[in-house]
Amino acid sequence: MINNRWQFDEEFLIKTIKDAKKLLKRKDVSDTIKGLMQETICQFSEFLDVINNNYVTTSTNNDINSDFYSIKKQFINKAIHDYNTIGSNIMDMILYLSNNHTYLCCSKESYSGNSTPDQIVEQSLELYETYFPDLLPIAKSIIEYPINLINFTSKQNIGSQCFYESIFKLPFIHIENSANFPPDFIHELQHGIEGIQEYRSYRYFKELGPILMETLYIDRMVKKREANASLLYFERIEEAEAFLDYLSCYFKCLKTLRKSNFNVKTGQFVEILKEARLIYNDRLIINGMLNDDFNEYIMYLLSFLKSLEIRNKVHQDQKYGFQCLQKSLKGKTIEYINEEKLLETYEDYLQEVILKQKNSSHTKKYYK
């Protein structure tokens, strides 16, 4: 059972919401501050719903036969917007990576551990002390803050996340089902550290630091020979491959539509979607596709690939690795991305993971 040490203070959340609602009525509070208060009210309300089992999720399906003309119009409008905002350079990079990288046959096994929140927090601090001692004081300040900023739960509702509250200037970290994926905590803790440090990283590197810490955490578990720990590598690999495959399909579709200036008849439109593998059995492959933020998928993918490059540098020289991380987090452009180097680093990583699996007693056969 998780003790109160790792639970949000419900009374604090309730009081903050009440105080914020009162302040929203005051005329001397700026619109900017009111906007931040609204965010806090929404997020803290969500936390309360999770704590009290009031959280409800909904899902949607887009059936090709259900109001298809409306779907086509929405899709074309979104395609034009995404083509213009994402840009050819990023799309070409994703297509290059998709066409040239190895897809790994991932494990069907799932990691199942028994680490407690106390153990996970302690191991995370040890990792900062080992690799990034400059960040250790900030990590400790979050963990030891007088108000509980960290909430562990065995339930699954909104997913693990870090909400950086801009008025208090504090991160609130919510971790779900940590026994099955212990690195979630250090991932979200790194988000909190970067929030306090006020990093304003390049938009596609927003997950770079957290994913790096997550991978270093897994490396440490594997090095200590914790049973089945190498299976944790596949969580991120599977996500990266899914995003890369999905993005490449979508970008191929955009490039084909662009040739016709996004003006195609319904029959042509359906064929383009089918050729791009965006329609399967009369359904759009991804539920809620029309609402998908493809920039977010790009962010997770490129952050992961870039994190592998910095991970290698950290293992070689911790001080230099930290300098590379800071440089990437403070960078405002994509100049630090080399698609061929990313691809080479990723291929090396896959081989490393395969080798670690082969050397484990619980291993099944994995192949390229």
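Arg236 and Glu239 both lie in helix H9, three residues apart, about one turn of the helix. Helices (H or I, at least four residues) and strands (E, at least two) are taken as DSSP runs and numbered from the N terminus. The structure is a predicted model, in which local features need pLDDT of at least 70 and side-chain atom pairs count only at pLDDT 80 or more, while totals for chains, interfaces and linings use all residues. Residues are numbered from 1 along each chain as its sequence is written, and side-chain values use heavy atoms, with hydrogens and water left out.

Side chains of opposite charge can pair when their charged atoms come close. A salt bridge is defined here as a side-chain nitrogen of Lys or Arg within 4 Å of a carboxyl oxygen of Asp or Glu. Arg236 and Glu239 form such a bridge, with the closest N and O atoms 2.4 Å apart. Arg236 is buried at 11% relative accessibility, whereas Glu239 is partly exposed at 26%.

Over the whole structure, 13 salt bridges are found. One of them joins Asp92 to Lys255, with 3.0 Å between the closest N and O atoms. Asp92 belongs to helix H4 (residues 88–100) and Lys255 to helix H9, so this pair ties together parts that are 163 residues apart in sequence. Both partners are partly exposed, Asp92 at 37% relative accessibility and Lys255 at 23%.

A further salt bridge is formed by the side chains of Glu352 and Arg311, at 2.5 Å from N to O. Distant parts of the chain are linked by this pair, since Glu352 is in helix H13 and Arg311 in helix H11, 41 residues apart. Arg311 is buried, with a relative accessible area of 3%, while Glu352 is partly exposed at 25%. Through shared partners, salt bridges join Asp219, Arg311, Glu352 and Lys356 into one network.

For the charge assignment, Lys and Arg count as positive and Asp and Glu as negative, and His and the chain ends are not counted. Glu194 is buried yet has no salt bridge, and the nearest side chain of opposite charge, that of Arg200, is 8.9 Å away. When residues up to four places away in sequence are not counted, Glu194 is in contact (heavy atoms within 4.5 Å) with Tyr199, Lys206, Gly209, Pro210 and Leu329.

Most residues other than glycine have a negative phi, and most peptide bonds are trans. Asn261 is not a glycine but has a positive phi of about 55°. Phe262, also not a glycine, has a positive phi of about 60°. Asn261 lies in the loop between H9 and helix H10 (266–275), and Phe262 is placed in the loop between H9 and H10. Asn261 is exposed, with a relative accessible area of 57%, whereas Phe262 is buried, with 10%.

Rolling a probe the size of a water molecule over the atoms shows where empty space is left. A cavity is a set of points, on a 1 Å grid over the protein atoms alone, where a 1.4 Å probe fits but cannot get out; lining residues have an atom within 4 Å of a point. Grid points are joined across faces, edges and corners, and a volume is the space filled by probe spheres set on the points. Four cavities of 30 Å³ or more are counted.

The largest cavity holds about 70 Å³ of space. Its lining consists of Leu97, His101, Ala240, Glu241, Leu244, Leu301, Leu305, Leu342, Leu343 and Tyr346. Two or more of these residues come from each of helix H9 (233–259), helix H11 (294–316) and helix H13 (339–358). Residue classes are nonpolar (Ala, Val, Leu, Ile, Met, Phe, Trp, Tyr, Cys and Pro), charged (Asp, Glu, Lys and Arg) and polar (the others, Gly among them). The lining of the largest cavity has eight nonpolar, one polar and one charged residues.

The second largest cavity has a volume of about 40 Å³. Gln123, Tyr217, Arg220, Met221, Lys224 and Glu226 line the second largest cavity. Helix H8 (residues 208–223) gives the most to this lining, with three residues. By class, the lining of the second largest cavity has two nonpolar, one polar and three charged residues.

Conventions:
On a 1 Å grid over the protein atoms alone, a cavity is a set of points where a 1.4 Å probe fits but cannot get out, and a pocket is an open set with protein on both sides within 12 Å along at least five of seven lines; lining residues have an atom within 4 Å of a point. Buried means under 20% relative accessible area, exposed over 50%, partly exposed in between (1.4 Å probe, protein chains only).
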